Structures are given as structure tokens and as C-alpha cells.
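Please consult the sequence and the model shown below while reading.

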Amino acid sequence: MSARPAIRQSRNSDRAQQLLAWYDRHRRVLPWRAKRGERADPYRVWLSEIMLQQTTVAAVASYYREFLRRWPTVKKLAAVPLDDVLTVWAGLGYYARARNLHKAAKIVAEEFGGRFPDTAEELRKLPGIGAYTSGAIAAIAFDRQEVAIDANAERVLARLYAIEEPIAEVKAKLQTLGRALVPEKRAGDFAQALMDLGATICTPKRPACLNCPWMKDCGARKRAIQDLLPVKGAERERPLKRGAAFVARDATGAVLLVKRPEKGLLGGMMQPPLGPWTEDFPSAKEALLQAPFRAEWKRRAGIVRHGFTHFELEIEVYTAHIDKRPNTEGRWIEDMSAAALPTIMRKIVVHALDDGGPLFGYAKSARRR
Ligand code: ADE
């Protein structure tokens, strides 16, 4: 028989207090996090939560700092062209986020006078904000009693409650369990504490149970199955697509880039001209027909690989050095760091320039990113 509601509630309240006490000692210092006793800035919280969707803290930190340096307020961000935002976002992935970020900034600046809505329900109406992000912002920026369950929090809860069903089948249940734990006060700290616990203690592999504030209470730990949880569903195989890229350089070292269509994968981002992505690479003859203009195209040894959410991509790279720029679609770019090049396109350019040349400095710094 399950515990009576009042007992359950006090148990949850104990759990919340245990986690908050742990957080007060062990919280991570993160660039977007308000310091103890400081009020969180909703703009910073929103910006960081959008960047952190499907992206690690380590990958986000430098982008977050650069955005804030350039655009310290939502009004400043709303006032610049989308292309500027895409350029600075380049490399962070999931580019629809950058487009929605800019759309939402415009709405907040123009319709709400630069002030973010302060409830999860209203926040969720903004582009790019779903259940998780609206809960996180409402809790962290406005201390609303909301829950923010991401993959880390799901893992923590699946272990705490020893849930053995595949995680995809118990999402609603985890939301309910998580919601019941949120304390009346310090909901924002609680949300961040759950994230920190998942990131530093209740890690996917070899969780550090001895340091966990919930060790005694943890269902998985009691049964010594913490390493087996959460149960994941069968992973879908991602199809493989292949194609050719064409990196042309002129005598000054400038590289020809074209803009991708606004809609769809990597929408609005820059790339060297690419052929279609199909089951196999084009033959050398087919590749020449795909090239943006006639030149002495040479295939470089090796393949550039990149994993997207729904497929894997392999690209063969053709290069050409030309004396005179042909009349062709696209822009000749000398300073590659100022172009909105997504990671896969950056890898292609770096691979093409690997022979050393005027842009070798770029190639080296790009590889480090
Ligand atoms: N992941 C998502 N949101 C986060 C946050 N605010 N802090 C740390 N990790 C996060």
C-alpha cells in the first residue's frame, strides 16, 4: 500500500531540503548562474536555457559569454539582423534554436517592452520554449514553483524511485514525481540542484552514491541496480548519407561559400557548394557534374564525417585553386571566422585546407574549437 498523502508530502519536503542543503555546499559555479543571494536576470536565464537544450555546459559556456558581450540585453539582441545571430551561433548546432531565439527576442522587446513573462504558461508561448525550458526559466528566474525535468533529472528520478520501465514510456510519470518534490520556496535552486546532482553525482556511469544526499533513500541504490538505470529503449539506427563538397580557393586564399536555404536542416547557414546527399558518393565523373563551375577539381584523400540527430553524413572533398573568380552564385570569403559555418561545414573547409596555404592559421584554430 502506498503512503498516505500527508506522509508522502512530508517525505518529499525532507527530500527537497536534503537536496537544497547539498546544493548550498556543492553548487557549480556557472557563467549564467546568479551568485548566492543575487537575483537571476531573466534574459541570461532564458539565453542559457535555450543554448543548453541538447547541448553540454562545456560547449555552451564560451558561446554564452560571447552573446552576452555582444548583446547584453534582450533589446540589443532583438535589434540585430538574424544573420549576425546565426554567425555567432555557428558551431553550437540545432540552428532552429538561433532563429527562434531571435524571434522570441523581438517579441519580448517589441510586445513586452523588454520584460520576459514571469509564468511558465506565458513563457511557453514564446518561440523555442517548450515544457522543460518554460519550467526552468519560471523556476530559476522567477522562483515559480515549477519543475524542469531534462535527461539528467530523469536519470536521477528513475534511480530514486527505482523505475525499471524504459524511460521513453514513463515521461509523464517522471514529471509527476518530479513536480511533487518541488519545494514552495527556492524552486529555482531546487531545479538547478537536480541538474547539478545529475551532472556531478548521479552520472550515467559509475554514480558517486557515497556523496549523494539521497543515498539512503534511493530505490535503485537499495537494490544495487543504480548502474542498470535508467533503462533506455532500443536505439534507432541512423541512416548513412553520402555526398561531395567543393572547396574552391582563389589566388588571395578566399574560399567560395554559398548560403543554405532558409528552411530545413542548417537553414540560412553558409557552406561550400555541396552535391546531393544520397546512398553513395558520386563517381569522379558525377562529381564533376555537381561542381559549381569547371575547374581542375582534385579529390582529397579521406572523408569528413558528421552525426546529425537523424542520420550520419559522410562527405568527400574536392578542391580547386583558381586564378580568376568565375561568375557563380555565392560569396568569396577570406575571413572564415566571420562566416556562419556550422561544424560539419567547418570540418569540410579544414579538411580541404589541410595542405597548408594562406588559411592554414584558420584551419588550426578551427580544429581546436
Ligand atoms: N542544463 C540545462 N539547464 C541548465 C542549467 N541552468 N545549469 C546547468 N545545466 C543545465
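**Cavity, pockets and packing**

Helix α9 gives the most to the lining of the largest cavity, contributing 3 residues. This is a predicted model, in which local features need pLDDT of at least 70 and side-chain atom pairs count only at pLDDT 80 or more, while totals for chains, interfaces and linings use all residues. Residues are numbered from 1 along each chain as its sequence is written, and side-chain values use heavy atoms, with hydrogens and water left out.

**The cavity**

- A search of the whole structure finds 1 cavity of 30 Å³ or more; on a 1 Å grid over the protein atoms alone, a cavity is a set of points where a 1.4 Å probe fits but cannot get out.
- The largest cavity holds about 130 Å³ of space, a volume being the space filled by probe spheres set on the grid points.
- Its lining comprises 15 residues, of which R159, C202, C209, C212 and C218 are the closest to the centre.
- By class, this lining has 12 nonpolar, 1 polar and 2 charged residues; Ala, Val, Leu, Ile, Met, Phe, Trp, Tyr, Cys and Pro count as nonpolar, Asp, Glu, Lys and Arg as charged, and the others, Gly among them, as polar.

- The largest pocket has a volume of about 1600 Å³; a pocket is an open set of points with protein on both sides within 12 Å along at least five of seven lines, and lining residues have an atom within 4 Å of a point.
- Of the 44 residues that line the largest pocket, Q54, D150, A151, N152 and E154 are the closest to its centre.
- Helix α9 supplies the largest share of this lining, 5 residues, and α8 (131-142), α9 and α11 each supply at least two.
- The lining of the largest pocket divides into 19 nonpolar, 11 polar and 14 charged residues.
- The second largest pocket has a volume of about 550 Å³, and among its 25 lining residues the closest to the centre are G93, Y94, Y95, L266 and F308.
- The lining of the second largest pocket has 11 nonpolar, 11 polar and 3 charged residues.

**Helix α10**

- Within α10 (residues 171-181), L174, G178 and L181 are buried, that is, under 20% relative accessible area, with exposed meaning over 50%.
- The exposed residues A172 and T176 lie on the face of α10 turned away from its buried side.
- The buried residues of α10 pack against α1 (5-26), α9 (151-160) and α11 (187-200).

**Residue L274**

- L274 lies in the loop between β3 (270-271) and α13 (284-290) and is buried, with a relative accessible area of 18%.
- Not counting residues up to four places away in sequence, L274 touches A244, A245, R260, I315, M345 and I348, where contact means heavy atoms within 4.5 Å.
- L274 and A244 are 30 residues apart in sequence, yet 5.8 Å apart in space, C-alpha to C-alpha.

**The chain as a whole**

- The protein chain contains 15 helices and 7 strands; helices (H or I, at least four residues) and strands (E, at least two) are DSSP runs, numbered from the N terminus.
- Of the 369 residues in the protein chain, 48% are buried.
- The C-alpha atoms fill a box of roughly 80 × 50 × 30 Å, taken along the principal axes.

Note on methods:
Buried means under 20% relative accessible area, exposed over 50%, partly exposed in between (1.4 Å probe, protein chains only).
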